Each structure stands twice: as C-alpha cells, then as structure tokens.
Amino acid sequence: MIRKALDECDDMKLYVAMNLAFACSMRYGEICGLTWDKVHISDEDIANDDSHLWIEQELACVSREARQQLDDKDIMFIFPSVMSNTHTNLVLKKPKTESSIRKVWIPKTVAYILREWKQIQNQYKEYLAQDFSDYNLVLTLPNGRPVENRIMEKEFSRLREKAGLPYVVFHSLRHSSTTYKLKLNHGDLKATQGDTGHAQIDMITDIYAHILDEDRKVNAQKFETTFYAKNPVNPLKDVKPPKETGTDLTNLISALEQSPELVSMLTKALKQNAISS
C-alpha cells in the first residue's frame, strides 16, 4: 500500500515527507523541522553507504501562553507570523526527550530523492528571489515557509482518496516503518529503537508485539518444513485404544466416598429423574 501511495503521489513535498517517515521512522514534527545542515548526502556519503541525517529539533505550533511556560528555553527559533493577530507561532524546538535526538542512516534512494528535491527548492529560490523565505528547511512550501501539519494532512487525505487507500493518517507511515524494520532485522528491538527514538523499548514491544508473534508463527511453519516433513514422526502409531471393560463398582464407590459434593449431585439427579418418571 505504501508503494502504491508513493507511485500515485504527485506532490513533491509530500513525496519527500512520506519517504522520510517510512525509511527513517521520523515523526511529522521532526520531518518539518529538519534543516539541510543536518542532512549528509554527499557523493562520498552515498558511496560509503553512510548517507544519514541528524534529528535534533522539531517543528511545532505553540501558543504564547505555552511559550511563557516553557520560558523559551527549549525554543531554538521562532518563525515570523504571516498574520499579525495570531496567538500562536510556528517554532523550531528541542525534542521532548533526549532519546529523540538521534542519527538515522538513510537508503541511497532516499538520498537521491533529497538531492532532487534540493534542486527543485533552489529553482523556487532563484525564481522568487527576495520573496523566498530561506530558513534552510528541508521541507517547505514553494515560498520557503515551513509546512504546517494541517497542510500535509490535507495533501495526504487527497492522495489517500486518489489512490483508493484505506483510511490512515500521515503518522501511520511511522508505525509502518517500525513494523517493516522489525521484519527486516528479525525483531532487533534495540536497532529499531535507535531509528524511532522511542524513550523506552517497551513502547516498541507493547505496540508491535503482534509482529513478533507473527514471526513466531512462521517459526512453527519452518519447523514443520525443515524437521518434521523430512523426518516423519508418529509416536501414536503403535498405541492401541483401550478395550471396553465393565464398570468397576469398587472404584466408583471409592470416588463417591472421597467427594461428598458428587454424592449430593447424584442424589439430586436421581430424585429429579424419579419425579419425571
């Protein structure tokens, strides 16, 4: 479904965002807050399979009250408001947890996608000149402004309807990324946690336990194919069914003596049977 969504996507900024969410397990705010100085996709990086990016900040929309509570200590940059009467600001801020600050290696294809997107962005910059707001962001609108969540969700919703995909939100790509990586690395939780930036490994095991259970199911199937199918074993083939015997009255009396409840139930059943007769 992700492959189909990517093939059907005709919005380049959404295409870039989807690849970063799926290949790099990035949150939406991390994608929109990513700057080019954190992206390492040189010829040498790609040749050495060392293309990577650093996730150290995120885009967020915060109110003035929230900024006061934060005391601006975690806010790295405040974007100028387009409207003068707004009570919120788009900001670049530090992630909530230290574990969210991380290095993520990216596939070569994603590196080339980012390179192509950079060229498109430079064309916008050249065409708009002073009307282009250059904040060094990777993901931007044509005029250089950051991409708000509502804009991306609107584009993603349009793509979902166009491609005939089931109802999912953009954040679902991050869940799919985690699932896919667990499949690829055979349940290596630590390596997966390094990419996702989850604070606790339990957050991965709790959410994606069903993936590990599926692999365990496959293990049973492989066991059947590699061992039992090649070495037929039937331990019951020589076991004969017991012969029918008469009722052992002594054993029955002994069982009744050891279970007063059974005697009571049997007596009650006999009385009911006598009444019905």
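This is a predicted model: local features need pLDDT of at least 70, side-chain atom pairs count only at pLDDT 80 or more; totals for chains, interfaces and linings use all residues.
**Entry 1: helix H2**

The expected span of a helix is 1.5 Å times one less than its number of residues. H2 covers residues 12–24. How far apart are the end C-alpha atoms of H2? I found 17 Å between them. With 13 residues at 1.5 Å a residue, H2 should span 18 Å, so the two values agree.

Next I looked at cover. Eleven of the 13 residues of H2 are buried, which leaves the helix mostly covered. I listed the buried ones. They are Lys13, Leu14, Tyr15, Val16, Ala17, Met18, Asn19, Leu20, Ala21, Ala23 and Cys24. I kept one general point beside that list. An α-helix has 3.6 residues a turn, so residues three or four places apart point the same way.

**Entry 2: Ser25**

I then stepped off the end of H2. Ser25 follows the helix. Ser25 sits in the loop that leads from H2 to helix H3, residues 28–32. I checked its backbone. The phi of Ser25 is positive, about 55°, although Ser25 is not a glycine.

Is Ser25 buried or exposed? Ser25 is buried, because its relative accessibility is 0%, and the cut-off for buried is under 20%. What does Ser25 touch, leaving out residues up to four places away in sequence? I noted Leu20, Arg102, Arg174, Ser177, Lys181, Asp195 and Thr196. Two of these names come up elsewhere in my notes. Leu20 is one of the buried residues of H2. Arg102 belongs to the covered face of strand E6.

**Entry 3: Asp49**

I looked up another positive phi. Asp49 has a phi near 55°, and Asp49 is a residue other than glycine. I placed Asp49 in the loop between helix H4, residues 43–47, and strand E2. Asp49 is exposed because its relative accessible area is 57%, and exposed means over 50%. Ser25, by contrast, counts as buried.

**Entry 4: the sheet of E1, E2 and E6**

Three strands form an open sheet here, in the order E1-E2-E6, with antiparallel pairing. Which strands stand at the edges? E1 (39–40) and E6 do. Each has a single partner strand, so one side of each is left without a neighbour in the sheet.

I followed the pairing of E2, residues 52–55, with E6. Four bridges join them, in the antiparallel sense. Trp54 stands opposite Lys103 in E6. E6 runs over residues 102–105 and has two faces. Arg102 and Val104 make the covered face, while Lys103 and Trp105 make the uncovered one.

I turned to E5, residues 88–93.

Ile78 got a closer look. Ile78 lies in E4, residues 75–78. Its bridge partner in E5 is Val91. Leaving out residues up to four places away in sequence, Ile78 touches Arg67, Asn89, Leu90 and Val91. Ile78 and Lys93 are 15 residues apart along the chain, and I noted 8.8 Å between their C-alpha atoms. Ile78 counts as partly exposed because its relative accessibility is 31%.

**Entry 5: a surface patch**

I searched the surface for nonpolar side chains. Phe223, Phe227 and Tyr228 form a nonpolar patch there. Together they have about 310 Å² of accessible area. Phe223 is in helix H11, residues 209–228.

**Entry 6: the whole chain**

Last, I took totals. How many helices and strands does the protein chain have? I noted 13 helices and six strands. The protein chain has 277 residues, and 34% of them count as buried. It exposes about 18000 Å², of which carbon and sulfur atoms supply 54%. I also looked up contacts between residues at least 6 apart in sequence. Of these, 63% join residues at least 24 apart.

Key. Residues are numbered from 1 along each chain as its sequence is written. Side-chain values use heavy atoms; hydrogens and water are left out. Buried means under 20% relative accessible area, exposed over 50%, partly exposed in between (1.4 Å probe, protein chains only). Contact means heavy atoms within 4.5 Å. Patches are made of residues with over 30% relative accessible area and no salt bridge: like charges are joined within 9 Å, nonpolar side chains (Val, Leu, Ile, Met, Phe, Trp, Tyr) within 5 Å. Accessible areas come from the Shrake-Rupley method with a 1.4 Å probe; for residues, only the protein chains shown count as cover. A salt bridge is a side-chain nitrogen of Lys or Arg within 4 Å of a carboxyl oxygen of Asp or Glu. Two strands pair if DSSP finds at least two bridges between them.
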